[in-house]
Amino acid sequence: MDAMVVYSSVTGNTRKVANEIFAAIPGDRKDIQSIEEYNGKDADTFFVGFWTDRGTCSADIIDLLSCLQGKNVALFGTCGMGRNQKYYDEIRDKVKVFIPDDCRYLGTYMCQGKMPIQVRRKYEQWLPGNPHPEQVKRMIQNFDEALLHPDREDLKKAAAFAVNMMELAKQNIEI
Ligand SMILES: Cc1cc2nc3c(=O)[nH]c(=O)nc-3n(C[C@H](O)[C@H](O)[C@H](O)COP(=O)(O)O)c2cc1C
(Lines give C-alpha, C1' and ligand atoms only; values in the text may rest on other atoms or scores of the structure.)
Protein backbone atom coordinates (compact mmCIF):
# COMPACT_ATOMS: atom_id res chain seq x y z
CA MET A 1 0.00 0.00 0.00
CA ASP A 2 1.40 3.42 -0.99
CA ALA A 3 -0.85 5.66 1.09
CA MET A 4 -3.30 5.46 3.93
CA VAL A 5 -5.59 8.37 4.85
CA VAL A 6 -6.79 8.21 8.46
CA TYR A 7 -8.83 11.03 9.93
CA SER A 8 -10.85 12.12 12.93
CA SER A 9 -13.98 14.16 12.25
CA VAL A 10 -16.95 14.88 14.49
CA THR A 11 -19.03 17.20 12.31
CA GLY A 12 -17.77 16.28 8.82
CA ASN A 13 -15.34 19.09 7.90
CA THR A 14 -12.19 17.01 8.19
CA ARG A 15 -13.92 14.07 6.46
CA LYS A 16 -14.57 16.32 3.44
CA VAL A 17 -10.89 17.28 3.27
CA ALA A 18 -9.86 13.64 3.81
CA ASN A 19 -12.01 12.46 0.90
CA GLU A 20 -10.50 15.12 -1.36
CA ILE A 21 -6.96 14.16 -0.35
CA PHE A 22 -7.74 10.49 -0.90
CA ALA A 23 -9.15 11.15 -4.38
CA ALA A 24 -6.06 13.19 -5.35
CA ILE A 25 -3.49 10.57 -4.32
CA PRO A 26 -2.25 9.07 -7.59
CA GLY A 27 -2.79 5.37 -8.32
CA ASP A 28 -4.98 2.84 -6.56
CA ARG A 29 -2.63 1.49 -3.91
CA LYS A 30 -4.36 3.63 -1.29
CA ASP A 31 -7.10 3.46 1.30
CA ILE A 32 -9.07 5.78 3.59
CA GLN A 33 -10.55 5.09 7.01
CA SER A 34 -11.89 7.16 9.85
CA ILE A 35 -9.99 6.77 13.11
CA GLU A 36 -12.92 4.71 14.44
CA GLU A 37 -12.65 2.31 11.48
CA TYR A 38 -8.86 2.15 11.37
CA ASN A 39 -7.67 -1.40 11.88
CA GLY A 40 -3.90 -1.07 11.59
CA LYS A 41 -3.71 -1.25 7.78
CA ASP A 42 -0.13 -0.46 6.74
CA ALA A 43 1.24 1.93 4.09
CA ASP A 44 4.47 3.76 3.24
CA THR A 45 2.82 7.16 3.63
CA PHE A 46 0.18 8.19 6.14
CA PHE A 47 -2.05 11.23 5.72
CA VAL A 48 -3.36 11.89 9.21
CA GLY A 49 -6.30 14.27 9.53
CA PHE A 50 -7.56 15.96 12.68
CA TRP A 51 -10.09 18.53 13.83
CA THR A 52 -8.68 21.12 16.20
CA ASP A 53 -9.65 20.55 19.79
CA ARG A 54 -8.52 23.38 22.08
CA GLY A 55 -5.46 24.20 20.01
CA THR A 56 -4.30 20.67 19.23
CA CYS A 57 -5.61 17.34 17.90
CA SER A 58 -7.80 14.89 19.78
CA ALA A 59 -6.39 12.02 21.87
CA ASP A 60 -7.25 9.32 19.28
CA ILE A 61 -5.02 11.09 16.72
CA ILE A 62 -2.20 11.41 19.26
CA ASP A 63 -2.44 7.64 19.84
CA LEU A 64 -2.33 6.91 16.11
CA LEU A 65 0.63 9.19 15.41
CA SER A 66 2.58 7.80 18.36
CA CYS A 67 2.22 4.25 17.00
CA LEU A 68 3.62 4.96 13.51
CA GLN A 69 7.06 3.52 12.82
CA GLY A 70 9.34 4.43 9.91
CA LYS A 71 6.55 6.06 7.86
CA ASN A 72 6.23 9.17 5.75
CA VAL A 73 3.70 11.33 7.58
CA ALA A 74 1.65 14.23 6.19
CA LEU A 75 -0.78 16.05 8.47
CA PHE A 76 -3.98 17.85 7.59
CA GLY A 77 -6.44 19.58 9.85
CA THR A 78 -9.44 21.84 10.11
CA CYS A 79 -10.13 24.49 12.72
CA GLY A 80 -12.69 27.19 13.38
CA MET A 81 -10.21 30.02 13.00
CA GLY A 82 -9.80 31.43 9.49
CA ARG A 83 -7.06 33.29 7.64
CA ASN A 84 -4.45 33.11 10.38
CA GLN A 85 -1.35 31.29 9.19
CA LYS A 86 0.48 31.94 12.47
CA TYR A 87 -2.29 30.17 14.38
CA TYR A 88 -2.28 27.30 11.86
CA ASP A 89 1.48 26.96 12.33
CA GLU A 90 1.06 26.83 16.10
CA ILE A 91 -1.49 24.01 15.80
CA ARG A 92 0.79 22.18 13.35
CA ASP A 93 3.69 22.41 15.78
CA LYS A 94 1.58 21.06 18.65
CA VAL A 95 0.46 18.05 16.60
CA LYS A 96 3.79 17.42 14.87
CA VAL A 97 5.52 16.60 18.17
CA PHE A 98 3.58 13.33 18.34
CA ILE A 99 5.21 11.99 15.16
CA PRO A 100 7.94 9.56 16.26
CA ASP A 101 11.55 10.41 15.38
CA ASP A 102 11.95 7.42 13.04
CA CYS A 103 9.17 8.76 10.80
CA ARG A 104 9.66 11.31 8.03
CA TYR A 105 7.44 14.39 8.37
CA LEU A 106 6.38 15.67 4.96
CA GLY A 107 4.14 18.68 5.61
CA THR A 108 0.84 20.00 6.90
CA TYR A 109 -2.30 21.43 5.31
CA MET A 110 -4.76 23.41 7.47
CA CYS A 111 -8.05 25.07 6.57
CA GLN A 112 -11.06 26.59 8.28
CA GLY A 113 -14.12 24.51 9.14
CA LYS A 114 -17.61 25.46 10.25
CA MET A 115 -18.49 25.26 13.95
CA PRO A 116 -21.73 24.26 15.69
CA ILE A 117 -24.31 27.08 16.14
CA GLN A 118 -23.99 26.77 19.94
CA VAL A 119 -20.57 28.44 19.62
CA ARG A 120 -22.18 31.55 18.06
CA ARG A 121 -24.86 31.58 20.77
CA LYS A 122 -22.11 31.52 23.42
CA TYR A 123 -20.32 34.48 21.77
CA GLU A 124 -23.61 36.39 21.61
CA GLN A 125 -24.06 35.93 25.35
CA TRP A 126 -20.63 37.45 25.93
CA LEU A 127 -21.60 40.70 24.18
CA PRO A 128 -23.81 42.60 26.67
CA GLY A 129 -21.63 44.65 29.00
CA ASN A 130 -18.41 43.21 27.58
CA PRO A 131 -15.41 45.61 27.95
CA HIS A 132 -14.05 44.38 24.57
CA PRO A 133 -17.12 44.14 22.31
CA GLU A 134 -15.00 44.55 19.13
CA GLN A 135 -13.10 41.40 20.00
CA VAL A 136 -16.33 39.42 20.48
CA LYS A 137 -17.75 40.85 17.24
CA ARG A 138 -14.64 39.66 15.41
CA MET A 139 -15.19 36.18 16.85
CA ILE A 140 -18.79 36.24 15.60
CA GLN A 141 -17.61 37.42 12.19
CA ASN A 142 -15.07 34.59 12.10
CA PHE A 143 -17.85 32.14 13.06
CA ASP A 144 -20.01 33.35 10.15
CA GLU A 145 -17.12 33.11 7.69
CA ALA A 146 -16.37 29.58 8.94
CA LEU A 147 -19.87 28.48 7.92
CA LEU A 148 -18.69 28.49 4.29
CA HIS A 149 -15.71 26.20 4.93
CA PRO A 150 -14.19 23.95 3.84
CA ASP A 151 -15.10 25.48 0.48
CA ARG A 152 -14.15 24.56 -3.10
CA GLU A 153 -10.89 26.51 -2.86
CA ASP A 154 -9.90 24.77 0.43
CA LEU A 155 -10.57 21.39 -1.18
CA LYS A 156 -8.61 22.29 -4.32
CA LYS A 157 -5.64 23.24 -2.14
CA ALA A 158 -6.01 19.98 -0.20
CA ALA A 159 -5.87 18.01 -3.46
CA ALA A 160 -2.73 19.86 -4.58
CA PHE A 161 -1.21 19.22 -1.15
CA ALA A 162 -1.85 15.47 -1.53
CA VAL A 163 -0.09 15.39 -4.90
CA ASN A 164 2.87 17.38 -3.52
CA MET A 165 3.19 15.13 -0.50
CA MET A 166 3.20 11.99 -2.64
CA GLU A 167 5.91 13.53 -4.84
CA LEU A 168 7.96 14.30 -1.72
CA ALA A 169 7.39 10.78 -0.40
CA LYS A 170 8.90 9.36 -3.61
CA GLN A 171 12.05 11.42 -3.16
CA ASN A 172 14.55 9.75 -0.93
CA ILE A 173 15.82 12.91 0.70
CA GLU A 174 16.09 14.22 4.21
CA ILE A 175 13.68 17.09 4.90
C1 LIG B 1 -14.68 21.05 21.73
C2 LIG B 1 -14.20 21.85 20.55
C3 LIG B 1 -12.98 22.50 20.62
C4 LIG B 1 -12.52 23.27 19.54
N5 LIG B 1 -11.32 23.93 19.66
C6 LIG B 1 -10.91 24.73 18.64
C7 LIG B 1 -9.70 25.46 18.75
O8 LIG B 1 -8.99 25.42 19.75
N9 LIG B 1 -9.33 26.27 17.71
C10 LIG B 1 -10.10 26.37 16.56
O11 LIG B 1 -9.72 27.14 15.67
N12 LIG B 1 -11.23 25.65 16.41
C13 LIG B 1 -11.66 24.84 17.42
N14 LIG B 1 -12.81 24.11 17.27
C15 LIG B 1 -13.53 24.11 15.97
C16 LIG B 1 -13.28 22.80 15.19
O17 LIG B 1 -11.91 22.44 15.21
C18 LIG B 1 -13.69 22.96 13.73
O19 LIG B 1 -15.07 23.29 13.66
C20 LIG B 1 -13.40 21.72 12.90
O21 LIG B 1 -13.47 22.02 11.53
C22 LIG B 1 -14.35 20.56 13.20
O23 LIG B 1 -13.96 19.48 12.39
P24 LIG B 1 -14.92 18.23 12.08
O25 LIG B 1 -16.15 18.77 11.35
O26 LIG B 1 -14.12 17.36 11.20
O27 LIG B 1 -15.28 17.60 13.38
C28 LIG B 1 -13.29 23.35 18.35
C29 LIG B 1 -14.52 22.68 18.27
C30 LIG B 1 -14.97 21.94 19.35
C31 LIG B 1 -16.31 21.23 19.22
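Me: How do helices H1 and H6 lie relative to each other?
Reply: This is a predicted model, in which local features need pLDDT of at least 70, side-chain atom pairs count only at pLDDT 80 or more, and totals for chains, interfaces and linings use all residues. Helices (H or I, at least four residues) and strands (E, at least two) are DSSP runs, numbered from the N terminus. The axes of H1 and H6 come within 8 Å and cross at roughly 45°, where axes are lines fitted to C-alpha atoms, for helices over the stretch in contact, and angles run from 0 to 180 degrees between N-to-C directions. Angles under 35 degrees count as roughly parallel, over 145 as roughly antiparallel, 65 to 115 as roughly perpendicular and the rest as oblique, so H1 and H6 are oblique.

Me: How many nonpolar residues are in the contact of H1 with H6?
Reply: Residues are numbered from 1 along each chain as its sequence is written. From H1, Lys16, Val17, Glu20, Ile21 and Ala24 meet Leu155, Ala158, Ala159, Ala162 and Val163 of H6; contact means that the C-beta atoms, placed from the backbone, lie within 7 Å. Ala, Val, Leu, Ile, Met, Phe, Trp, Tyr, Cys and Pro count as nonpolar, Asp, Glu, Lys and Arg as charged, and the others, Gly among them, as polar. The contact holds two charged residues, no polar ones, and a nonpolar count of eight.

Me: Is the crossing of H4 and H5 left-handed or right-handed?
Reply: The axes of H4 (residues 117–126) and H5 (residues 133–146) come within 9 Å and cross at roughly 165°. That makes the two helices, H4 and H5, roughly antiparallel. A crossing is left-handed if the near helix is turned anticlockwise from the far one by less than a right angle, and right-handed if clockwise. For H4 and H5, the crossing is left-handed.

Me: What is the order of the strands in the open sheet?
Reply: Strands pair if DSSP finds at least two bridges between them. Within the sheet, five bridges join E1 (residues 3–7) to E3 (residues 45–51), and these two run parallel. The open sheet has five strands with parallel pairing, in the order E2-E1-E3-E4-E5.

Me: What angle does the direction of H6 make with that of E5?
Reply: Another helix, H3 (residues 85–96), lies across E3, E4 and E5, running at about 135° to E4. H6 (residues 152–170) packs on the sheet too, touching E1, E3, E4 and E5. Its direction and that of E5 make an angle of about 180°.

Me: Which helix gives the largest share of the shell around the ligand?
Reply: Of the 19 residues around the ligand, Ser9, Asn13, Thr14, Trp51 and Gly113 come nearest. By class, the shell has 10 polar, five nonpolar and four charged residues. Its largest share, three residues, comes from H1.

Me: Which peptide bond is cis, with omega near 0°?
Reply: Most residues other than glycine have a negative phi, and most peptide bonds are trans. Pro150 lies in the loop between H5 and H6. The cis bond, with omega near 0°, is the one from His149 to Pro150.

Me: What is the phi of Arg54?
Reply: Arg54 is found in the loop between E3 and H2 (59–67). Its phi is positive, in a residue other than glycine, with a value near 50°.

Note on methods. Contact = placed C-beta atoms within 7 Å. Near = placed C-beta within 6 Å.
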